[in-house]
Number of protein chains: 2
Amino acid sequence: MKHLVLVAHGSRREASNEEVRQLAARLREMAGERYTDVTAAFLELAEPSIPGAIQCCVERGAREVVVLPYFLSQGRHVATDIPEQVQPKQAEHPQVTITIAPYLGAAEEGIAAILLELAR
Amino acid sequence: MKHLVLVAHGSRREASNEEVRQLAARLREMAGERYTDVTAAFLELAEPSIPGAIQCCVERGAREVVVLPYFLSQGRHVATDIPEQVQPKQAEHPQVTITIAPYLGAAEEGIAAILLELAR
């Protein structure tokens, strides 16, 4: 019962939020049985919120929740804002292991390879 | 004489801009002889600007400039703002071929694979 929550910033432009939800759906397909479910959540401006998404995982029986920041830079959102939204849910549900994975931009080599391919 | 310009949004947090410059340096190493140079540019809040970076490529003898948007979503910045900054430079230097590559988030499959790896 391991759930993955892909966390994006959230946008006033609903199409951008929908892109993130579609990416979560893609991850769900690709991950096979590794996760019970993969869902999207947003730091602000869109729903579900991070605490809301974690709560939903817990209610559906998650034992482990992995929060995955869909951010390119290690800014305040990644360093502070996401942990501040995750910690109260961890305190509320000590029986569930909630971890925050490295943010997307940390995978510099993989991203660089994609960028060079896009530039062709 | 082909130059690559990696375009990010730009941040008030200088460390984020520096992450982008380091990524451009990484691309330069990885690309070998494919590009004469790879540099970073910013839509706003940081230097160089997109027109400034293109101008610099032209002055250094570029025949081709590829503008590569380091953005996750197909929003206004990618759809409108970057083209609006590129077009006047193309008009000013018709002898140089300036193209805009797909934005990073368009490479959905590659990004999904990186995300699943980060979540492990």
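Biologist: How many residue pairs are in polar contact across the interface of chain B and chain A?

Modeller: Bear in mind this is a predicted model, where local features need pLDDT of at least 70, side-chain atom pairs count only at pLDDT 80 or more, and totals for chains, interfaces and linings use all residues. Residues are numbered from 1 along each chain, and side-chain values use heavy atoms, without hydrogens and water. A polar contact is a pair of N or O atoms within 3.5 Å; within protein, one must be able to donate a hydrogen and the other to accept it, and sequence neighbours count only if both atoms are side-chain atoms. With both residues at pLDDT 80 or more, the tally between chain B and chain A is 14.

Biologist: Which element gives the largest share of chain B's side?

Modeller: Going by DSSP runs (helices H or I, at least four residues; strands E, at least two), strand S1 (2-8), helix H1 (14-31), strand S3 (64-69) and helix H4 (108-119) of chain B each give two or more residues. The largest share, 11 residues, comes from H4(B).

Biologist: Which residue of chain A forms a salt bridge with Glu109(B)?

Modeller: A salt bridge here is a side-chain nitrogen of Lys or Arg within 4 Å of a carboxyl oxygen of Asp or Glu. There are 4 between chain B and chain A. For Glu109(B), the closest N and O atoms are 2.8 Å apart, and the partner is Arg26(A).

Terms used: Chains lettered and ligands numbered in written order.
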